[in-house]
Amino acid sequence: MQQAQYQLIIVGGGPAGLTAGLYAARDRLKVLLVEKGATGGQVLATDWVDNYPGFIEGLSGFDLMDKMAAHADRFGLAKKSATIASLDLAGEIKSITLENGEVLTATTVILCTGARPRKLDIPGEYEFTGRGVSFCATCDGPFYRNQNIAVVGGGNTAIQDGLHLTKFAQKVTIIHRRGELRASKILQEKAFANPKIDFIWNTEVLEVRGDKHGVDGLLLRDHHGDEALLKVTGLFVLIGITPNNELLLANSLQTDKGGFVITDEEMATSIPGVFAAGDIRSKRSRQIINAAGEGAVAELSVEHYLGNKAPDNSHNRSE
Ligand code: NAP
């Protein structure tokens, strides 16, 4: 049978991909990590990471990812900076076609393509990202101590994270485009009972305003068309996330209704030899530490899969 070039190709170089890469390189697999931009993924956009164990004083998202990349480099992880045009994951040998026409083949693939926060696409949102506009309450909440801030959204994330933000902020105003929340009743009850939370219903955010110091207000419009300015120093946009699954659509991978890849607890997808880790997975907790942990689990599953396939040691690997 035709031999694949690699035992493992990792698609995506965020915390999940780099951790899978570290484990695979350290285990001396023939592995390649393919990433279209700089390694680091979404974390590069995180100003400050305060909750990654071992970094007592915290560190910037950039520094954390730089360290993860350097750690994988220490074990000689091969990386390729390239844009993937298509993936064919169905057969025993998986093939990955790059935009320049080059075709890479592997026996196993770990998908670590991540997700991106859904955006409002309004003026000021991009300009003030990291300076008053955030997409992650766990990451950035502590920067808003004693401030008046706003959350957009009416789902579980907006309400749960709105509650979390009351630990820091003086007041949290939740702005929702409809008159009722999508979030679970128990979260709703908690939010309605919290004296630090106010709601603005049936209202959209039209614009984020501010100056060189950061955000100072939001332009709002209600369903009657009336506009108003809300004075806040921070806006958390918590309106869901979108999986980076565009490359996966042509493959018959099982996904949830949001398009996130379903895996078992060993990170195996519905296609043999294909694993997924990090934010591309269907799951609830989306922290850097989860992604890194899943990267490690996925790589160990790859080892198990490769061991089971090898005729000479299949008995050792099947326990
Ligand atoms: P979600 O359930 O899709 O809710 C998104 C919210 O944002 C909705 O209220 C939606 O409004 C609003 N929204 C969407 N696009 C908008 C736009 N352009 N402008 C203004 N508002 C907009 O997303 P999520 O809250 O991130 O939750 C994702 C999944 O994770 C869900 O399945 C959720 O149950 C789960 N989750 C669970 C927990 C938990 O169990 N504790 C915690 C967090 C997340 P409409 O309501 O009008 O559509």
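Two strands are taken to pair if DSSP finds at least two bridges between them. Helices (H or I, at least four residues) and strands (E, at least two) are DSSP runs, numbered from the N terminus. The structure is a predicted model, in which local features need pLDDT of at least 70 and side-chain atom pairs count only at pLDDT 80 or more, whereas totals for chains, interfaces and linings use all residues. Residues are numbered from 1 along each chain as its sequence is written, and side-chain values use heavy atoms, with hydrogens and water left out.

Strand β13 (residues 214-222) and strand β14 (residues 227-230) pair in the antiparallel sense over four bridges. Within this pairing, L218 has L230 of β14 as its bridge partner, and L220 is partnered by A228. Four residues lie between the strands of this hairpin, where G225 adopts a positive phi near 90°. The two strands belong to an open, antiparallel sheet of three strands in the order β12-β13-β14. Because β12 (203-211) and β14 are edge strands, each with a single partner strand, one side of each has no neighbour in the sheet. From one strand to the next, the twist averages 25°; axes are lines fitted to C-alpha atoms, for helices over the stretch in contact, and angles run from 0 to 180 degrees between N-to-C directions.

A second open sheet contains five strands with parallel pairing, in the order β8-β15-β9-β10-β11. Its edges are formed by β8 (133-134) and β11 (197-200), each of which pairs on one side only. Strand β8 is joined in parallel to β15 (residues 234-237) by two bridges, and S134 stands opposite F236 in β15. Helix α4 (residues 156-165) packs on this sheet, touching β9 (148-152), β10 (171-175), β11 and β15, where contact means heavy atoms within 4.5 Å. The direction of α4 makes about 170° with that of β9.

The ligand is surrounded by 15 residues, the closest being N156, T157, Q160, R178 and R182; a residue is near a molecule or strand if one of its heavy atoms lies within 4 Å of it. This shell comprises two nonpolar, eight polar and five charged residues, with Ala, Val, Leu, Ile, Met, Phe, Trp, Tyr, Cys and Pro counted as nonpolar, Asp, Glu, Lys and Arg as charged, and the others, Gly among them, as polar. An N or O atom in the side chain of N156 lies 2.7 Å from an oxygen atom of the ligand. Taken alone, the ligand exposes 910 Å², of which the protein buries 69% (Shrake-Rupley method, 1.4 Å probe).

Terms used: A polar contact is a pair of N or O atoms within 3.5 Å; within protein, one must be able to donate a hydrogen and the other to accept it, and residues adjacent in sequence count only if both atoms are side-chain atoms.
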